[in-house]
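Okay, thanks for coming, everyone. Let me put the sequence and the structure up, and then we'll walk through where the two chains touch.

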Amino acid sequence: MTNLAPIGDDLLEAARSHQDATIELRRSIHADPELGLQLPETQKKLLESLTGLGLDITLGESTTSVVADLDTGRPGPTVLLRGDMDALPLQEDHVSDFQSRHDGKMHACGHDAHVAMLASAAQLLCENKDELTGKVRFMFQPGEEGFHGAKYMIEEGVLDGVDRAFAIHVSTNIRNGLITTRGGSIMASADRFEITVHGRGGHASAPQNCVDPIPAAAATVTALHTMVGRNVDPMRSGLVTVAHIEAGTTNNIIPPHAFMEGTIRTLDETSRAALAEGVGRVAQGTALSHGCTCTHEVIPGYPVTINDPEQATLAGQVTSALLGADNFVEMPRARMGAEDFSYVLQHVPGAMAFLGVCPDDQDPTTAAPNHSNLMRVNESGLTNGVALYAAMALVG
Amino acid sequence: MTNLAPIGEDLLEAARSLQGETIELRRSIHAEPEIGLQLPETQKKIVESLTGLGLDITLGQSTTSVVADLDTGKPGPTVLLRGDMDALPLQEDYVSDFQSKVDGAMHACGHDSHVAMLASAARLLSENKDSFTGKVRFMFQPGEEGYHGAKYMIEEGVLDGVDRAFAIHVVTNMPNGLLSTKGGALLASADRFEITVHGKGGHASAPHHCIDPIPPAAAMVGGLHNIVSRDIDPSQSAVLTVAHIEAGTTNNIIPASAFLEGTIRTFDEGVRSKIKDAVSRVAHGTSQAHGCTCTSEVISGYPVTINNEEQALLTSRVASALVGADGFHMAEDPALAAEDFSYVLNQVPGAMAMMGVCPDDVSPAEAAPNHSNFMRVNESAFYNGVGLYAAMAMVG
């Protein structure tokens with residue numbers, strides 16, 4: 001039962017009052033980025049900020065996750081709010097007081113902002129516990145960047161008893177403060193493939209004594225791209241990119257093997273399965289036609305991130321009530337990036353929304369994107385995120 | 001005017017009497033291999049072994065070449081005999097008393113043998129100066145292994161006044177002591193090509209924002225291999241191999257460029273130049289079709305080694321007179337290796353002969369080939385080479 005009554009200027013003002021704390025925590029985490037599933041420093045900072053709020057806190061066993069439960073004591077749904085915690089293996093090249101202190105590590109995907117916003121939302125909701133019913137579960141998750149962190153937390157029970165889930169992701173290529181989402185697929189599946197064509201090497205002047213794997217590999221590249229156009233429903237989206245090809249060492253030796261790898265992205269599980277099968281078929285068949293053999297593997301990455309249509313609509317309504325209609329826009333189409341919140345959305349109805357954090361001196365179309373070594377977050381937009389997290393719990 | 005009279009058992013016996021010093025010089029050079037155009041130690045050893053023979057010696061200016069002239073004082077042709085001096089960048093893995101003392105350098109192409117045989121031939125001819133006419137020029141040449149050493153010596157005048165030229169190359173994959181040659185094309189031209197396809201890199205999930213260089217590179221592999229079958233007279237021989245392809249670093253980044261390199265081998269200068277043009281045509285046309293640009297370069301290697309028909313015939317008659325008809329073989333097919341004696345043969349009539357140096361304990365088919373880290377020379381055959389070098393000068 002949607003109750004938009006508590007959503008409005010007062011809530012936004014309350015979020016704004018936490019802005020200093022949000023920024024402080026974000027900068028502290030930004031300066032000490034950690035990678036993967038084990039993020040002890042980030043966990044410690046997070047726990048400090050949640051101390052004294054009366055939350056029931058459970059630490060992860062296989063990872064340094066933090067699950068914090070807020071129980072109003074009144075009957076109502078359990079709403080899960082997620083913030084991911086991990087950084088990227090990247091050297092930060094933007095100079096600031098809180099520039100990364102660790103070589104080769106950087107919060108270039110805004111997870112520092114997610115943690116800080118969610119911690120402030122926890123603070124805010126605890127202070128306004130009386131207006132809430134049911135429970136709120138704060139899911140602080142390591143290992144979103146390819147480490148399947150959500151999967152570990154689901155195995156440890158983070159979704160037990162959860163009725164719906166919500167997450168925010170910041171994006172520098174969206175106007176500062178703007179919220180956007182859509183029902184259905186919002187982000188892609190991302191699987192990796194590796195193909196090794198096996199021939200027989202020898203002198204480049206005696207191809208007849210060799211089985212050259214390079215023509216087979218080259219033909220495979222072409223055939224893979226053709227396969228997408230022939231095997232995926234034209235009304236659906238599918239992508240195969242051969243992003244890396246490598247064979248041989250010099251000009252006069254035919255190598256014994258050729259290696260290719262790439263990514264498969266789709267917005268529905270049917271196309272995903274068709275492309276995974278097609279990659280194998282094309283690789284094996286093309287190798288065979290060149291007298292080669294081949295080994296191939298499709299390494300599953302994250303599934304398609306699919307927003308529940310009702311939850312996406314709810315997020316839009318809540319945003320408009322909170323920030324005004326100008327600050328919400330329906331996403332016209334999915335992004336082809338991938339996200340492991342998809343695992344959560346496979347189990348419970350929910351939605352992910354994007355929050356614009358484009359710096360004031362940049363244009364959303366040209367701002368250094370997420371994953372850039374120069375990526376910058378407009379911290380003034382974080383208030384909207386804190387308020388939206390809280391609002392999605394308050395609507396019950 | 002061919003005079004086969006001095007050629008026979010006596011000459012071979014004289015060559016055999018020098019066997020001890022031929023082997024000694026060969027082993028000394030073998031133990032101290034030098035690479036490229038500057039071979040001071042090898043030059044020193046050559047000059048020492050030629051001292052006292054009454055030769056007019058000129059040292060190279062741009063390289064450590066040695067040109068030694070023997071003048072009989074009687075009118076007659078000037079015959080050039082070549083021995084190349086340089087080693088290969090290879091670690092010798094065969095253990096012997098004279099194993100290479102230099103890490104990463106090895107006489108694995110028999111040039112140590114060529115120098116030693118030619119030095120002994122110089123001694124033999126000096127001692128028998130009275131039994132022939134004209135002049136003999138001994139050409140000790142650095143930098144045959146890709147350094148175009150012959151070109152430098154030609155620029156310094158080594159061919160001035162030369163009427164004909166002759167060279168021997170040892171081969172482990174031929175029966176020990178067997179001499180062989182053929183008229184016309186003996187060895188191939190060997191050119192290298194390099195192509196870089198330039199596109200625009202980006203995220204593998206957003207090909208529409210990129211210009212992916214990998215599909216045109218793949219299409220080029222197919223197109224380049226079509227050149228030999230579609231552009232070249234089927235009765236002519238040619239090889240084009242794309243031996244190395246490299247683009248990208250990982251599965252989810254479309255690279256900005258793709259690199260291909262390979263080798264072109266032909267037995268005809270017309271075919272050679274046609275393939276050169278076609279490589280550029282295919283590279284640029286294919287790039288254009290994919291919206292890419294490209295840079296392509298064909299780096300000229302050695303030209304086709306073409307024996308003068310008459311000189312090849314002369315070689316066969318001289319070799320048969322020297323070692324008997326069983327010891328000579330007229331080859332039918334050229335080999336796809338390349339040789340910079342081709343520069344000499346482009347300017348004066350001449351021939352190159354091959355001499356088998358297969359070790360006694362292996363068959364020619366199984367012997368570690370030239371350029372192998374286990375290549376071994378059967379020294380017992382050296383006097384055939386010494387005798388043939390000398391004989392080719394004595395026939396006038």
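When I say two residues are in contact, I mean that their C-beta atoms, placed from the backbone, lie within 7 Å. This is a predicted model, so to speak of local features we need pLDDT of at least 70, side-chain atom pairs count only at pLDDT 80 or more, and totals for chains, interfaces and linings use all residues. Residues are numbered from 1 along each chain as its sequence is written, with chains lettered from A and ligands numbered from 1 in the order in which they are written.

So, the interface: chain B puts in 33 residues and chain A 34. On the chain B side, the elements giving two or more residues are helix H6 (214–231) and strands E10 (238–247), E11 (253–254) and E12 (257–266). Helices (H or I, at least four residues) and strands (E, at least two) are DSSP runs here, numbered from the N terminus. E10(B) gives the largest share of that side, eight residues. By type, the chain B side splits into 17 nonpolar, 12 polar and four charged; nonpolar is Ala, Val, Leu, Ile, Met, Phe, Trp, Tyr, Cys and Pro, charged is Asp, Glu, Lys and Arg, and the others, Gly among them, are polar.

Now, which strand of chain A is joined to E10(B)? That's E10 of chain A, residues 238–247, running antiparallel to E10(B) with three bridges between them. Strands pair if DSSP finds at least two bridges between them. In this pairing, A:Ile245 stands opposite B:Ala247.
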